[in-house]
Structure formats: C-alpha cells, structure tokens
Amino acid sequence: MMYQDIENKQEKSITGAPIRIGVDVGGTFTDVVIEHTGGRHSAKVPTTADAPETGVIEGIGAALERADVVPEAVSLVIHGTTLATNALIERKGAKTALLTTEGFRDSIEMAYEHRFEQYDLYMERPEPLVPRERRLGVPERLAADGSLLMPLDEAAITAHAAFFRQEGVEAVAVGFLHSYVDASHERRAGAILKRELPEATICLSSEVSPEIREYDRLSTTVANAYVRPLIAGYVGRLEAALRECGLACPLLLTMSSGAVTTVETAQRFPIRLVESGPAGGAVLARNVAAAHGLDKALSFDMGGTTAKICLIDDYRPQLSRTFEVARQYRFLKGSGLPLRIPAIEMVEIGAGGGSMARVDALQRIAVGPDSAGANPGPACYGRGGGAATVTDADLILGRIDPVRFAGGTMVLDGEAARDVIRRDVGAPLGMTDEVAAAGVSEIVDEAMANAARVHAIESGKPLAGRALIAFGGAAPLHAARLAGKLGIDRVVVPPGAGVGSAIGFLSAPIAYEVVQSRFVALDNFAPVLVDTLFDEMRAEAEAVVRLGAPKSQLEETRTGYMRYRGQGHEIAVELPECADAEEYRRRFDDAYRRLYGRTIPALEVEGMSWSLALGAVDQLPARLPATPPADAGLPSARRMLYDTEVGGSVEAAVHARADLAPGMRLVGPVVVVEDETATVVPAGFDLTVAASGALVLTWKTPD
Amino acid sequence: MTTTFDAVRHQVMWNRLLSVVEEQAQTLVRTAFSTSAREAGDISAGVFDLTGRMLAQAVTGTPGHVNSMALSVAHFIKRFPLETMREGDVFITNDPWKGTGHLNDFTVVSPAFRGGRLVALFASTSHVVDVGGLGQGPDARQVYQEGLFVPLMPFAEAGRVNEWFLEMVRANVREPRMVVGDLYALAACNDTGSERLLAMMEEYGLDDLAGLADFIVDSSRRAMCDAIGALPQGSWTHSMTIDGFDHEVELVARLTVGDGVIDIDFDGTSGLSDFGINCPLCYTIAYTSFGVKCIVAPELPNNAGALEAIRVTAPENCILNPPHPCAVYARSNIGHMLPDVVFGCLHQAVPHRVPAEGCSALWTLRLGAGQGITARAGSQSTPFQIMSFHSGGAGARPGLDGLSATPFPSGVRNVPVEATEAITPLVFWKKELRADSGGPGRMRGGLGQTIEVENREGAPFGIYATFERTVHAARGRGGGAPGALGRLSLASGRTLRNKGFQVIPQGERLVVEMPGGGGLGDPATRDPAAVERDVRRGLVSAEAARRDYGFGPGSSRTAPRR
C-alpha cells in the first residue's frame, strides 16, 4: 500500500460539503482522495478486480485514517471507474442477445462497411458484442416519419425469448428501426421479454440512445446491456459495503461527460460511465483553469501507455455526443465500438512513458503505440523489460532523477536505458545516445502535437493563446516542449497529479443530458413540436438530476445538431429557450462561421437531433490570490539536461517540489523533482509557484 | 556518429507535413456537401514542391486519387508556369484525363507564398454532387453527355474569385449551391494547409522546402527500393474477365519486378466501351499503384519518392487508356478491379502474401425518381436522387477469412438506412449478410449482403445500375472456390440488367444480392471448428457445409431460427 500527502495547505475545500471522498477505480490501482477542512489526503491501493468494492473499502479506510476522520463524518462519496471500459475491452460482460427489426440483425456486424486502415490487407473489424446466433429479427416496421408499415409480431418475440432462455442469455438489447420517433414497438417488446425472462436485463434503444443512425444506436444499446449486470451488481454491492463501514452518506457516480449522477441512473445506463476516469482528469484541468483564470486551455494527461488531450474553453471541457470505446488498432478511429453518449471529447494516442521506440523502414524513429506498460516496464526499471521506451530516453536526457523515481522505492538503471536506446535507435541511425534519446523524445512530442492540431481543426478551435495543463506521470516531463510545438506559452502543472482523476471527481457537477432525434427543416418549422420535445426532455433530465440535487438551482442548456441540407455532419448549436426558426438559423450561421470561417447563403438548414443538459449550477473554484514574490532557495543539485529545442545539453538547477513555496520564482533551465514525476523547465521559460502549489511555466518572448 | 540534432529535425518536419495535409483533408471532409466526399471520404489532399513532386498526401482519402492528383499538379504547372503565379491565385479543373478520371471530381491547386516567395503548391480533390449531363450512371456514350467540362482555369486570381466561372457552373448543375459550396471547400482546405505549412517554416526558420523535399523523396525512394529488392525479379502475367457493359472485358497485366522498379503494362486488355465505364489512364495508374503498394510496401507513405518506383502503362484505345471523348462516369467499375489483377501477378512472385479476388467494384445504390425519369409532370410522388455506398464480400486473405460487406480496394463508408429513409420515400426491408455467398476455402471469402428496397409511396423509382461480378465471379486462389455471383432482380422474380438505368415498377421491391469474395486454399483443409461456427451463425448453410467442406452431418448443428 502506498500513502501520500498532497501539498495543498492553502487550498480549502471548494464546495460547501465539509468532507468528501473521491474514488477512482482504475485497471491497476484504486485511488482515494479525501477532502476536508485540513486539506487533502490520499491513498493508492491495488484494484481488486474480482470484487472492486474490497479495494475501494480498503483505500477509503486508509485515507480516513491518514486524515484522521471517522466514516460517519463523511458527507459524500463520488466514484468513477474504468470497469465498464475494461469489461468492453476484455469482453467480460454479460451473455447478451439482440432483438431487432427483421432484416437488420447484421447491422452491428456490418458497422459502417468501412476499412479504417486502407493499406492493411489484414485489418479486422472488432467482433460484435453479440454473436450472430443471438441476434434475432422480429417482423415489425415503422417508417422514418413514424407511420406504421408493419405491426409488431408479438408471437415471434415470445418464441425468441424461449430461445434466449434456453441459451442462458443474461441481457437483451432491443433496437428497432426508427424507434427514436416512436418507441411503442420497443416498449411492447420489452414488456414481453420482461414477462418471459424475468431474470434478464432488458435495454431499449429508445431509452438508452434515442438517436437516428441504426448502427450507432444499436451499438450503444448492446454495449449498455452487455455491461449492465456487471456494473449494476458492483454499484449495488459497493453501496452496501459503504454503509456497512459507517459511510451512510450518498454515493454519486461520475459519467463520461464529467458530471455525476445517482446510483439508480448509473445502474440503468451504465454505458454512460465509460471512461469516467479520464473525464475526472478533464474536470481537474477545468478547475485548475478556473483557479488560474485561463479561459482557453488544453489539458494534457500523459501516463504510461497513452496521452489524452482535451480542449477546455471558458472552463468547460469540450463535450461530444459520440465516443468510441475499445479501439483495438493503434487507437485508430473506426477500430472500436461507437457509443452515442454525452462524453468529454478527448483525443487519445498511443504515446506514454512506456511507449516503445524503434527505427522504421524509412530509417525514421517511430514511437508507440505499443507500450511496455508498468510491468515489466521500460528497460531502466530493471524488471526485465527489454524495450527502448520514452522513459528510457527521458532518463538519458537528464529529466528523471534515477534515485528519486517513485519516491525512491526504485532506482532506475541508466546503463540499461543507454543500452536499449543505442541498440534500437542510436546504432541503426549512427547517432550518439543523447541524440537518439532526443530523437525519441522529439518524435513522441511531435506525435502528440500533431494529434492536438488535427483535433483542434476537427473541433474548429484554434490552439493559439491556450494554456497547457499537464498532469499524469509523464506529462510534466514533456509539457514545455509540447507547448513550444503548439505555439503555447504557458504551462500549469497542478499538485497531486498522480491522483488527478479522483481529485477531479470531488468537484464534478451534478448534471444529466438527454438527447432525442427528430428531423426538422427550418424552412418548414413547427415551434410547438420542438418546444414539446424539449419539455419532455427537461422532465426526463430533471427526474434524474433531482435525485442528486433535490434543492439546488438548476441550469439548462439546449443544443441542436444541425446542418445545411445535403451535408452529412451536423454541428452543435446552442439554442435559446423558445423555439424560433429565425433565431435558430442565426445561431446556426454563427456556429458554422466559427467552425469553418464562412456560411453558405440561401441553403436550407435542418436539425437532426436535439439535446438538453440540466445540472445544478456549476461552482467553479475562485480565482487564486496573487502571491507576493518569495526567494527560491538554492537548488538541491545541478545536472546536465538535454534541450531538444536547441539540440544540446545544458546545466540545469534541480529543485525538490516540496521545497518550493508560493511566490517563488525560478528561471529555466530547471528540473523540479517530486515522487511521481519531474517538471522540466527549459531555458526560455520562467517558473513561478502559484498559491495552489501549481507550477506555472511561462515562455519569455524574446525581445 | 551524428552528434547534432539536424537529422532528427528533418524527421520531425516530415511528420509535421503529414499532419498538415491531414488537417487539410479533415477541413475538406467536414465542410463537404456531396455524399461521396463527406461520408465516403472520396477526396484527397496533398502538398507539392516547386518541381511538382508530391511530398505528402493525407491518409484520409481514397486510393482513386493516389498518384492521379499528383500527376494533375504537373498539368497545372505546365499550363500556369510558376513564375506567373501570384499570391491568392487558385486553379481548378475537372478534366477527367488531367484530373482524377471523371467530371464529378474537381481538383483545385493553390500556390503557397512565404514572404512574397512561392514555396509550395497545395492540391485537393473532391467528388461534387452533380455536374449536369445525364446525372448518375454509366449510360452516356460520350463525355459530352456526362456534364460540364471545366478545362484548367483560374478559380481565383490574386484573391478575386472568378464569378463568371461560378455563374457558368451554377447554370449547368442540378444542385448549384452545393456544388459551388464544394468548390469553395476545396479552395479553403488548401488555405488551411498553406497556413499550417507557413507556421512550420516559421518555427524552423526555413526559407524554402528544397532540403526537406530531397530528404523525404530520397528516404522514401530508398525504402521503396529495399522493399522491391526483397521480391524475386522477373515478369508475370495475369488476366481477369469481368462483366463489362456492352461487352465482356478482359483485363490483362504483365508485371515486371526490376532493379528498384515495378512495371505494370496492360497490353492485351479489351478495347473501349461505348458506355461510361472507360477508365482514364490517371485512374488506372492510381488503383494499380495502390494494389502494388498494399502488397509490397503498405507502410510507406504516398509521395513522389515511393510512387515513382511503380510505373504503369496501357496501350491507347484500350479500356484502361481511353481517349477523349469517351464516356467515363463509372470508371471506378473497371478501376476497382485492377488490384485483383495486380494480385494475380504478384501471387506468382510471392505466393503467400496475396488475397483471393473479391467483389472489388462497389455495389453503390444509385436510386432516383422524379419528373421525366420515372413520373409524368404533375405527379404527386416525391422526387429524390441518392447514392448509397454498399459492398459485397472481399477476398479471403492469407491466414484470415475475407471481410464481409466491406469495400476493397475502395475506402468508402455506407450511409445509414435510417438516414436515407429520412430524406427519401424509400423503405429498406432487408439489409443482411447473404448466407453461402463467401467463396469456400481454407480461408473463406467474405460474404456479400442482400438489400431489399421499395418506394413506400407506391410510386415507381429508378436504378442507375453499375454492378460487376454478376456473370464472372470473384475467383479463389490456391484451391479456393469462387464467391457467389451478384444478382439484381425484382421481388416478383424478373432479373434486371447489371448496367444502366432501369425502372422498378409501382409496388415492386428491388432485390440486390451482392457477390461474395473468393476463397483461399482447399476448403477440405478448413478448420472444422471454423466451419461449425459459420454454420451456427448461419453464414454457411448446413447443406453447403456438407457440399463444400465435407462437414459431416453428425457434427453439424442447427442454426437458430431467424
């Protein structure tokens, strides 16, 4: 078990709740953070995969002890987890079946009829979560406008249910064509299945994801059914276990959107919990942005295997209506399962400390996406890992202190790092160890920069003028160089980055979003229809939000997913409270111009889907007070640091993060070391310590 | 031993250029109107040096533009010499012979200037929704009937858009706003590329791209030479017969692996078609190069260095090198077959690296209804025109079954049934994998699919058929059997022609059965567990399992009732 204290003396609890606990159940570790008037304490324990609640209880116990708090005093537990994601990646969900419109049972197998990798003859699409023998069709049919083309064959459903029973099916997804317009066939089918299969989980596409485009809707519904028995069971057991330990306070769960919801909703729509861990990181970055007054930010979370990048404007992480889980193929778009859920939009690439480096057929250095992971890990860990990794390169470049790594629990082997970098990169290219290591670092930094650039253009948002918020074990080592490549001149490294997601959960807003597809042309617009749709959505969202926030003032955001007639991609348009064609058109034009720099006059505009987000008024942390300048003490050491910007080694001062206090100011080249990572401050950057303990790097524009 | 960092810088800038063209392509996809551009990625984007060498091409895009867009830039430089180009100039064409093979594809070239000096050219290509003429389908007999032909000309001069040209376009196409919108999107994406390139040159203090261009082209050429050097040298010939339109078409290729180059010559291939399935040489080169690259060097990026090692020739007046004014609308019908022909040659050179033949040409549903087409003036039925991409089965691969209902070599995506039904009066009654259509083999060919579609208003509708493999199946290799033939028919039984416009009468259902891919290796050697799984999943019927795989009745299980 590892304990740690987060240096956080100035920052008080930012919400009204006196004592709150954040729990992040990851694949390897379970992180627990407790926030109370005395500051924050945390615990990191191994995840107990078979019964994750055991690890959670252990971690909470440890954190409570550390903070000297009794369980009864805790007012709220907020929980996020990758369990749903892992169940999908590892295919460890329920035995699931699909009931769909006759003639369409292969939709989830044919997917987009697309090869996401053009040149690879050996490309394989992910196997559907439900094999073909358990995907059955039912005679029934609605037209796109909701009119009845063929009535529902109820006898067929009963017969199929008998087959499912015989096969031992645990969960059934029901998805009929055009059910987003009229759910009556799905509801009836659901009722029959419930009667015939009382033990099974039943999920309707009209409830899970009432959106047009059958493959995406069915994929989402099937995934929800697939993980539901597992997650609903776990959440129920967790709630009971918490009570048993004296934690009678409410339990809330973080969703992919970064907001939190109740146990009931999480049990019903567990697919909305996918990737809640990284979402917590984005919420942390949002808070850091707010505390520092950075209205345009880019969060940068780099761990052992991947790097995740997220745009944050006006203290709101960018949201998306689509998410792709379990990308099997070098994180390539299209190689995973599409989910239509509200999610924080992030680009994830295979670039982390454990990413492996080699020389490709073009005699170029290539890094990732395959990773040595944490075990055996990079060669310098000395655990038998034989691959040259980014961490090995970082060690050679003087960024990591070999004796301080992981709080000094492990001494890194510099010679092993040099051997593998020389063997895999330096020797084939005729480069010295340093140049080869710098090459590895530059290539991985460029890959992340390119991912960020393409992501920004896809989002129609410029990168210029943003601040980079860096957390995760490897991010502070690479953040300054990444910022340089992106033309960003400020980098913020918050404290406690190793348990960033759990900290993020503590301030996640209570909110819920519902979406509904309904084709509406603005030149033939019925305001009543749209208003009624929004009223229904408001009622549905309010029912969920009120469970978690019975008295709070609520905030509503309406969004239309609209396009020019003839286009295939909708854009998100924030809408006013009352439906009005002219105003909708004006807002669409504004949004389109922001994205693409121009509008197309006289072309009709149409809306495909509509969403409503409702939440308790979101409380952002207050701006940090300015800190009076303080003298930084003498460096604890000096060492050679390779600067990839200039292409050579320079002598850098080394400071321990624990020795730095708010207001202190240092001039790069500097390395700030702490237990889990090190912040590299190259020449050209100034470092100041903010009131929160965050390190703020600022690029000095040369005069 | 390199102790300086410059070598790494070149690599990093190369990666940046690949990102620059990817941003260019993404901008184009996000703003495009035509289905084939936005849904299917029927676009391409690239950056060129001042000698016209392509330095990088976006991965997003279609193989149909591999090399063809690159050749196109050379035509632009010849027509508009570099010294005459000014900042803000933009050039355009849809010349099928100097662009990418048919009038629907517009290519736009924009010079990029740094400090008043020309440093690079950006080019992009996109399929626009309409160019007038007959509209969809292969029925034209001359390119004149296929619509508006725009020779190489300025789209904008020194920043001023050529309004007279746009006026001309608007007057000649069915969807003027969308088409003009797409032309603007092409120009705008080149601007995006240009901006990003200039930012990179600023960051690295580059005045020109000469050094970087040589580095990219030389490294790629070397890597391509190495890849070709790993093949045995020699010549191999292969031929494939396909359905064609007015006559069967024999595609004949002779592939020669030489010292660092691969030559493919199509001498012996059938002559011209009287209809719009002729395949201009630029498109022939594109799909031939793609086929070679897939086997020989799939991981190398497309650029002048990698592509110059693949040399493609076809005699004039053959269907793979038609002269003006041959009709060319459905040139993909032939072009998509070329990788299979290349594979047939390479199979003899490197036997275990090549898949079996597949459906290959797309089974795109081009459907429409309206006045003068399927209805009289004044008809109450809803007019529409759609193009919905679909695919049969791909060929079995060494060690892997073929992909079902998946395009190869084209890289398109389908359009969701619900999205099509929302904007047309059509109803799709079935869209399902077609059992027993995958060619039997040790590795099974991919399955085709069956689509049944009807006009729910009870009105007639038309199909612009452009289908292959209804007479000549996708063949297996190494003892593998052919995939099932495709078939176009009415639910009441009548078979329709595989090419050309036809009307589906009132109240009838159109049935489209797409072909399967060929099998690889002797079916008798297929893993019985794989056969059992296929039977359980209803991909192979019990009867076919017995017949094709000798899969005993004792071990066969009954698949669940649908």
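**Figure 1. Overall fold of chain B in the predicted model.** Chain B contains 13 helices and 19 strands, where helices (H or I, at least four residues) and strands (E, at least two) are DSSP runs numbered from the N terminus. Its radius of gyration, 24 Å, is close to the 24 Å that the globule rule gives for 562 residues, so chain B is as compact as a globular protein of that length; the radius is taken over C-alpha atoms, and the rule is 2.2 Å times the number of residues to the power 0.38. The C-alpha trace of chain B spans about 75 × 70 × 40 Å along its principal axes. Of the 562 residues in chain B, 61% are buried (20 or more other C-beta atoms within 10 Å of the residue's own, with C-beta atoms placed from the backbone). This is a predicted model: local features need pLDDT of at least 70, side-chain atom pairs count only at pLDDT 80 or more, and totals for chains, interfaces and linings use all residues. Residues are numbered from 1 along each chain as its sequence is written, and chains are lettered from A and ligands numbered from 1 in the order in which they are written.

**Figure 2. The two domains of chain B.** Domain 1 covers 6–220 and domain 2 covers 355–526 of chain B, with bounds from an automatic or database domain assignment. Taken over C-alpha atoms, the domain centres are 32 Å apart. In chain B, 12 residues of domain 1 are in contact with 15 residues of domain 2 (C-beta atoms, placed from the backbone, within 7 Å). The domain 1 side has three nonpolar, six polar and three charged residues; Ala, Val, Leu, Ile, Met, Phe, Trp, Tyr, Cys and Pro count as nonpolar, Asp, Glu, Lys and Arg as charged, and the others, Gly among them, as polar.

**Figure 3. The contact between chains A and B.** Chain B contributes 69 residues and chain A 60 residues. Elements of chain B that each supply at least two residues of its side include α5 (176–204), α6 (210–229) and β14 (426–433). The largest share, 12 residues, comes from α1(B). By class, the chain B side has 26 nonpolar, 21 polar and 22 charged residues.

**Figure 4. Helix α5 of chain A.** The 13 residues of α5(A) (residues 184–196) should span 18 Å at 1.5 Å a residue, which agrees with the 18 Å between its end C-alpha atoms; the expected span is 1.5 Å times one less than the number of residues. His185(A), Glu186(A), Ala189(A), Gly190(A), Ile192(A) and Leu193(A) are its buried residues. Seen down the axis of α5(A), they fall within an arc of 165 degrees, so they line one face of the helix; the arc is that of the directions from the helix axis to the C-beta atoms.

Notes: Two residues are in contact if their C-beta atoms, placed from the backbone, lie within 7 Å. A residue is buried if 20 or more other C-beta atoms lie within 10 Å of its own, exposed if 12 or fewer, and partly exposed in between; C-beta atoms are placed from the backbone.
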